[in-house]
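Here is a short note to go with the structure you are about to open.

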Amino acid sequence: MKLETLAVHAGRAVEAATGAVTPSIALSTTFERAEDGSFPHGHVYTRSSNPNRDALETALAALEGGAVALAFGSGQAATAAVLQTLASGDHVLLPLDLYHGTRHLVQHVLARWGLLADFVDMTDVASVEAAIRLNTRLIWVETPSNPQLQVVDIAAVTALAHAHGALCAVDNTWATPILQRPFELGADLVMHSTTKYIGGHSDVLGGAVIVNDAGLAASLRDLQKLSGAVPSPFDCWLLLRSIPTLPYRVRAQTEHAAALATFLSAHPRVSVVHYPGLPTHPGHALAARQMSGGFGAMLSFQVEGGQPAAMAVAARTRIFTRATSLGGVESLIEHRASVEGPDSQTPAGLLRVSVGLEHSDDLIADMAQALEG
Ligand SMILES: *Cc1c(COP(=O)(O)O)cnc(C)c1O
């Protein structure tokens, strides 16, 4: 079946007891045992499993084209679970430009538990290869990256990882399963912050990991249950409700982002536009190869005049809301360096934009007036 059909039907069935077409929310934390001590409905306790979480995980696995999905209470919890499958003394390679929460989790938390990490320019496959050590167990890819939209060659990095006995995990949050298919490029794990496009309405926090290997799935299932960072039944229900519209939201938002990127790239006050859909972007050819149906709905750009000029542009927008996060139906704009904190690697004049579902003419007009100043 095509993605649009899976998005509507995977994880959904008419409820036998009531005929309900949309699922009920099963709030119960505990489930009755049969007289012989068994669990006839398959659930014991909601930290271990719950009908709404099962349905969401079924839908996520189907959309990403993987065998098993595990849902978490946030993207960070999903990332932490992936990294906790590793052992003290294992080495992981991550990209220089990546979600700052991933960097901080590795440097501030997992380093204390003996995880070794190096950050490399992953747009350059040779520098990835040079950084691989004997104890490298995982290469973490994020593409397009947050916030500079760098494009990493998933197939090439996966091949390198496999040649050295390591696994490759891809944070597919920005591309979504609609535009980028990491399993088809060889990746072993796919991670999502479902808070973003999958939720799509800025009203639910969540994360997911999808895998094909049964051993890996079992160790992630243990971490999900034992660490307990699980989403509530209502969170799972909200996410499942959002999935049917995901392909259409992503395509429309992507179209709007492409139009806005083209407008920005011709604007005299804008020094650089980071959007892989622009032919001038250094990752354009690679993104055109490994993504399909567009280049995503995230972009960032640098304003002449550094931080004060960038903040002033964000202060003048009327349709774009000044807020962090992304992937919702409403467009957001954010001065990224000041959110990332003092160790931020992001240029001071950079504004990150999550392009929403408003009409692109209105978005461009709003950006035009904000840049006029
Ligand atoms: C937001 C985000 C995360 C973290 O997810 P949370 O749901 O906020 O915990 C990880 N990776 C990327 C690319 C993100 O945009």
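Which residue in S7 is the bridge partner of Ser193? Keep that in mind; point 3 has the reply.

1. First, some ground rules. The model is predicted, with local features needing pLDDT of at least 70 and side-chain atom pairs counting only at pLDDT 80 or more, while totals for chains, interfaces and linings use all residues. Residues are numbered from 1 along each chain as its sequence is written, and side-chain values use heavy atoms, with hydrogens and water left out.

2. Start with the domains, whose bounds come from an automatic or database domain assignment. Domain 1 covers 3-244 and domain 2 covers 246-372. Their C-alpha centres are 26 Å apart. Contact here means heavy atoms within 4.5 Å, and 39 residues from domain 1 and 42 residues from domain 2 take part in the contact.

3. Now look for the open sheet of seven strands, with mixed pairing and the order S1-S7-S6-S5-S4-S2-S3. Strands (E, at least two residues) and helices (H or I, at least four) are DSSP runs, numbered from the N terminus, and two strands pair if DSSP finds at least two bridges between them. At the edges are S1 (68-72) and S3 (116-120), each pairing on one side only. On average, neighbouring strands of this sheet are turned by 20° against each other, direction ignored. S6 (residues 189-193) and S7 (residues 207-211) run antiparallel and are joined by five bridges. As for the opening question, Ser193 has Gly207 as its bridge partner in S7.

4. Next, see what packs on that sheet. Helix H2 (residues 51-64) touches S1, S6 and S7, and its direction makes about 125° with that of S1. For such angles, axes are lines fitted to C-alpha atoms, for helices over the stretch in contact, and the angles run from 0 to 180 degrees between N-to-C directions. Helix H4 (residues 100-109) lies across S2 (91-95), S3 and S4 (136-142), and runs at about 145° to S3.

5. H2 also has a helix partner, H9 (residues 233-242): the two pack at an angle of about 35° with their axes 8 Å apart. The crossing is left-handed, a term used if the near helix is turned anticlockwise from the far one by less than a right angle, with right-handed used if clockwise. H2 brings Asn52, Arg53, Ala55, Leu56 and Ala59 to the contact, and H9 brings Pro233, Cys236, Trp237, Leu239 and Leu240. Sorted by type, these residues are eight nonpolar, one polar and one charged. Ala, Val, Leu, Ile, Met, Phe, Trp, Tyr, Cys and Pro count as nonpolar, Asp, Glu, Lys and Arg as charged, and the others, Gly among them, as polar.

6. Which strands form the other open sheet listed here, and in what order? Five strands do, in the order S8-S9-S12-S11-S10, and the pairing is mixed. S8 (270-274) and S10 (321-322) are the edge strands, each pairing on one side only. S10 pairs with S11 (residues 332-335) in the parallel sense over two bridges, and Arg322 stands opposite Ile333 in S11.

7. Compare point 5 with another helix pair. The axes of H10 (residues 246-265) and H14 (residues 360-372) come within 9 Å and cross at roughly 30°. H10 is therefore roughly parallel to H14, since angles under 35 degrees count as roughly parallel, over 145 as roughly antiparallel, 65 to 115 as roughly perpendicular and the rest as oblique. This crossing of H10 and H14 is right-handed. Among the residues in the contact are His256 and Phe263 of H10, and Ser360 and Met367 of H14. The contact residues divide into nine nonpolar, two polar and no charged.

8. Finally, some backbone details to check. Most residues other than glycine have a negative phi, and most peptide bonds are trans. The peptide bond from Thr143 to Pro144 is cis, with omega near -10°, and so is the one from Asn146 to Pro147, with omega near 5°. Pro144 is in the loop between S4 and H6 (154-163), and Pro147 lies in the loop between S4 and H6 too. Thr176, in helix H7 (residues 176-179), has a positive phi of about 70° although it is not a glycine.
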